[in-house]
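Please examine the sequence and the structure shown below. The paragraphs that follow lead through selected parts of the chain.

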Amino acid sequence: MAKIRVLLVDDHAILREGLKALLNLSDDIEVVADATNGEQAIAFVGRHHPDVVVMDMAMPGMGGIEAT
């Protein structure tokens with residue numbers, strides 16, 4: 001079975017790294033990229049084609065609501 005491809009989006013590096021570490025413990029999940037704001041998230045979705053995006057709602061610049 002193919003892995004679930006995940007994009008993490010949050011402006012706090014420690015949160016992104018913590019989530020990445022937890023998700024990477026699963027054999028069924030692959031974190032394909034992580035972004036720091038909505039603009040990066042949009043670019044990375046086009047580049048990495050994730051199955052799931054875990055996105056912070058409030059970030060500097062373009063937040064999660066606008067990006068979604």
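This is a predicted model: local features need pLDDT of at least 70, side-chain atom pairs count only at pLDDT 80 or more; totals for chains, interfaces and linings use all residues.

Val54 is partly exposed, since its relative accessible area is 36%. This residue is placed in strand S3, which covers residues 52-55. Together with Ile4 and Val52, Val54 makes up a nonpolar surface patch with about 200 Å² of accessible area in total.

The protein chain has an average pLDDT of 96, and 100% of the residues score at least 70.

Attention now turns to charged side chains. The structure contains four salt bridges. One of them joins Glu30 to Arg5, with 3.9 Å between the closest N and O atoms. Because Glu30 belongs to strand S2 (residues 29-35) and Arg5 to strand S1, this pair ties together parts that are 25 residues apart in sequence. Glu30 is partly exposed at 33% relative accessible area, and Arg5 is partly exposed at 27%.

A further salt bridge connects Asp34 with Arg16, at 3.0 Å from N to O. Asp34 lies in strand S2 and Arg16 in helix H1, so the pair ties together parts 18 residues apart in sequence. Arg16 is buried, with a relative accessible area of 9%, whereas Asp34 is partly exposed at 22%. The side chain of Arg16 also reaches the backbone oxygen of Asp10 at 2.6 Å.

Asp34 forms a salt bridge with Lys20 as well, again given as 3.0 Å from N to O. Here Asp34 in strand S2 and Lys20 in helix H1 are 14 residues apart.

Definitions and conventions: Residues are numbered from 1 along each chain as its sequence is written. Side-chain values use heavy atoms; hydrogens and water are left out. Patches are made of residues with over 30% relative accessible area and no salt bridge: like charges are joined within 9 Å, nonpolar side chains (Val, Leu, Ile, Met, Phe, Trp, Tyr) within 5 Å. Accessible areas come from the Shrake-Rupley method with a 1.4 Å probe; for residues, only the protein chains shown count as cover. Helices (H or I, at least four residues) and strands (E, at least two) are DSSP runs, numbered from the N terminus. Buried means under 20% relative accessible area, exposed over 50%, partly exposed in between (1.4 Å probe, protein chains only). A polar contact is a pair of N or O atoms within 3.5 Å; within protein, one must be able to donate a hydrogen and the other to accept it, and residues adjacent in sequence count only if both atoms are side-chain atoms. pLDDT is the predictor's confidence in each residue, from 0 to 100.
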